[in-house]
Amino acid sequence: MSLTKEDALSKAQKDLAKRLNVEESSIKEKSTDEVDFPDMALGAGTEDEMSGQMLTRGWRIRLDSAGKTFEYRADKNQVRLFNFKGKNYKI
Amino acid sequence: MNRNNFLPHVALALVLILVAAFAGQLRRWQKQWKSQVRIIPAEKKHPATIDEIALTDSLHLGRPEILVRFKPGVSEETIDRITSQLNDRVEDRIENAPGLDAIDDLDNEDATELVAQYSKMPEVEYAEENYEISLPDAVEGPLVPVLPHDPQFSDQWALSNEGQRGGKKGADISAPLAWATTTGSDKVVVAVLDSGVDYNHADLVNNMWVRPANLPPYHDDDLGIIDDVNGFDAIDNSSDPMDDNGHGTHCAGIIGAEGSNDIGIAGVDWKVQIMPLKFMNAGGFGTTKDAIEAINYVIERKKAGVNVRIISASWGSTQKSRALEDIIRKAYEEGILFVAAAGNSSTNNDRAPHFPSSYNVPNVVSVAALDRNDQLASFSNYGPKSVAIAAPGVDILSTWLGNEYEEKSGTSMATPVVAGVAALVLANEPGLTVDELKKKLLTSVDKLDSLNGKVTSGGRINAAKAVE
């Protein structure tokens, strides 16, 4: 699996729609930026998870649903939901 | 002049000239010699070096304690009587200096007291100690830096920073100077606990640990028998720790890419055995349970006789695990150093700990990252109480999947630098305990202003000092 930016965006939109139980078309992309995350869990490690402490290039994807912003983090290997109701999730 | 006497006179003149010339040269040699030697009082000997012993024997020094010059007119009989009364003896009469005798004290009295005794005598012009002459320490000479034949070595600023790409000259671990002492040993095994290692990489293949033929396959009561020829994969509990991410291969190359093989780069250790362990997946993350399983494997292999003395752990999280701490403590009891990344959140680990680097276990060495200008990397965690040491961790060139090389940054990269230096130290001093090894690393740093109040040791690791 090697994700492109578009793949990652699509996966994030689908995931958020499912979590919020809304139509995927209602999820809008606010921004997608290329950034260096602090580790290989993209700074969004989950419970009981250890990650390589190497800076990792990826995308910060901000999505909007009904005026609220949600942050996804992705790289070629993975997509993660950051700080959703206080927790991180691997998608 | 009678013609018949001419030739004998010329011959005599030539002999005299030669003698004079020889005497002059002798004085010059004497002056040179005096300028090169240091003098140590005979009774204040330090443990002799081989050179000193040879010199002492060749000059017949060391037996007579003092040199005494008797006044003109004092007969040999008088001198013999004086020395006999003091239970001394004339060990040698210096023919070309009348009255000068080397005197040996048969009671082995202190030379200073003997000098005082003789100096008071009316027959004596002077007395002095017979000093032992030794070659200066400088005969050993300074270490000469050793450079490897690896085409990309000039990009390895962490090992030798010549100011390339805007860096600060000397902001490195002094590897070439360390290599003058040791380039590592294939007797030392370093476990790279990571995403596995590409053990077929051309720059690593000769430094990979392979289970010795006389060591039975790994047996775990729950996992069964695993034919761990190349290491261990704790994710699948299998025998194939092949890297599918690249992170572990990068860390392995920093420690032990084969040095001076005309391929790629040099590791901190030119020769070493890398034991590859996989607990992180292709994404570069894994579970605490699998990390524990892999550490347990290392401990068991150590117990079975494998000389695995170091675990390099370029990973972590903010989640504390008592179980992980316990197994690291068990590794300490087995004499295994645990080198761990301090983390990349730019935060103070004293306040917001990062694990496993923040566990208060004696074998844990927490490592922060430096850039090529000896500054703490902008991303690096720190902690004057909980982070031990710093090492280069920005734009570090090392091995990658598919026989490639990549530059990466993180405390992940600083960690194997320290693990590699620890392996160098063990190559040089294999008998060190884990406590001694850790102390050696932390006391061999170059103190940096930029690290003042940031790490316990206050400095950057220095390989050359560590192997002194």
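**Entry 1: ground rules.** I count residues from 1 along each chain as its sequence is written, and chains are lettered from A in the order in which they are written. Since the model is predicted, local features need pLDDT of at least 70 and side-chain atom pairs count only at pLDDT 80 or more, while totals for chains, interfaces and linings use all residues.

**Entry 2: chain B overall.** I looked up the secondary structure of chain B and found eleven helices and 21 strands. Helices (H or I, at least four residues) and strands (E, at least two) are DSSP runs, numbered from the N terminus. Chain B has 468 residues, and 46% of them count as buried. A residue is buried if 20 or more other C-beta atoms lie within 10 Å of its own, exposed if 12 or fewer, and partly exposed in between, with C-beta atoms placed from the backbone. I then turned to contacts (two residues whose C-beta atoms, placed from the backbone, lie within 7 Å). Of the contacts in chain B with a separation of 6 or more, 72% are between residues 24 or more positions apart.

**Entry 3: the cores.** I looked for nonpolar cores, meaning sets of buried Ala, Val, Leu, Ile, Met, Phe, Trp, Tyr and Cys residues joined through C-beta atoms within 7 Å. The largest one holds 110 residues, and Val190(B) and Val418(B) are among those that touch the most other members. Helix α9 of chain B, residues 411–428, gives the largest share of this core, twelve residues. Leaving aside neighbours within four places in sequence, I found Val190(B) in contact with residues including Ile255(B), Ile274(B), Ile310(B) and Ala419(B). Another core, of eleven residues, lies apart from the largest one and includes Ala8(A) and Leu63(A). In soluble globular proteins, nonpolar side chains tend to be buried together.

**Entry 4: where the chains meet.** How many residues of chain A are in contact with chain B? I found 16 residues of chain A in contact with 27 residues of chain B. On the chain A side, β2(A) gives the most, with four residues. By class, this side has six nonpolar, six polar and four charged residues. Ala, Val, Leu, Ile, Met, Phe, Trp, Tyr, Cys and Pro count as nonpolar, Asp, Glu, Lys and Arg as charged, and the others, Gly among them, as polar.

**Entry 5: a sheet from both chains.** I traced an open sheet of three strands, in the order β12(B)-β2(A)-β14(B), with antiparallel pairing. Two strands pair if DSSP finds at least two bridges between them. The edge strands are β12 (285–287) and β14 (315–316) of chain B, each pairing on one side only. Three bridges join β2 of chain A, residues 49–52, to β12(B). Ser51(A) has Phe285(B) as its bridge partner, and Glu49(A) has Thr287(B).

Entry 6: Most residues other than glycine have a negative phi, and most peptide bonds are trans. I noted a cis peptide bond between Phe355(B) and Pro356(B), with omega about 15°. Pro356(B) sits in the loop between β15 (337–341) and β16 (364–370) of chain B. Asn87(B) has a positive phi, near 55°, and is exposed, with 10 other C-beta atoms within 10 Å. Ser260(B) also has a positive phi, about 60°. Is Ser260(B) buried or partly exposed? With 16 C-beta neighbours inside 10 Å, Ser260(B) is partly exposed.
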